Amino acid sequence: ETGVTQTPRHLVMGMTNKKSLKCEQHLGHNAMYWYKQSAKKPLELMFVYNFKEQTENNSVPSRFSPECPNSSHLFLHLHTLQPEDSALYLCASSHPEGKLFFGSGTQLSVL
Amino acid sequence: GQQVMQIPQYQHVQEGEDFTTYCNSSTTLSNIQWYKQRPGGHPVFLIQLVKSGEVKKQKRLTFQFGEAKKNSSLHITATQTTDVGTYFCAGPNSNSGYALNFGKGTSLLVTP
């Protein structure tokens, strides 16, 4: 256990569905992140939150919408996704400038 | 923007052979981190290097940070099957200063 919990572990959705990914950390970290990992690309930074404030949006399409209600929880809301959005979505947390602790990820398939 | 490049992309070795992966950044890094991801798993932190020319060892793993703080390497001596996985280097994102940009990783396969 890394102290970062992601749910669900697997998700299959149609292009018209709306779903949400959840991440929770019990490490007392102030920074939380969403990364996308696909077969053809490296770990891609999507969003960064520090003290609940979004500090970075790495040119992510608007069909991905993050939410950070507090320093321990992070959501990624998904709607009208495309098949090319199928990937492993990893949440991570850290102290600023510290090492990242990753969750186990959500394997997403968009049909 | 800042890019972190890693080579080789894949490496297949016989158990007992050595292995090295190299990481290069387009910009000077304040620090560099290394992570390992086992097949089907998530990245796990290995080490952070901060100082120019720094060398750190963890058992059979040796990590180096270049003098110019733009390149790094990970060397594994006498690989074991437990070393199988993908090794990533990562440097701070130039925008946020602390979020990490990852290299593409080097996938290591070790056969007995």
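Predicted model: local features only at pLDDT ≥ 70, side-chain atom pairs only at ≥ 80, totals over all residues.
Residues are numbered from 1 along each chain as its sequence is written, and chains are lettered from A in the order in which they are written. Local features need pLDDT of at least 70, side-chain atom pairs count only at pLDDT 80 or more, totals for chains, interfaces and linings use all residues, and side-chain values use heavy atoms, without hydrogens and water.

User: Why is the link between A:Cys23 and A:Cys91 called a disulfide?

Analyst: A disulfide is a pair of cysteine sulfur atoms within 2.5 Å. The sulfur atoms of A:Cys23 and A:Cys91 are 1.9 Å apart, so the pair forms a disulfide.

User: What makes this disulfide of A:Cys23 and A:Cys91 left-handed?

Analyst: The torsion about its S-S bond is about -75°, so the disulfide is left-handed.

User: How do you know that B:Cys23 and B:Cys89 form a disulfide?

Analyst: Their sulfur atoms lie 2.0 Å apart, and the link, with 80° about the S-S bond, is right-handed.

User: Why is B:Cys89 called buried?

Analyst: Buried means under 20% relative accessible area, exposed over 50%, and partly exposed in between (1.4 Å probe, protein chains only). B:Cys89 has a relative accessible area of 0%, so B:Cys89 is buried. B:Cys23, with 1%, is buried by that rule.
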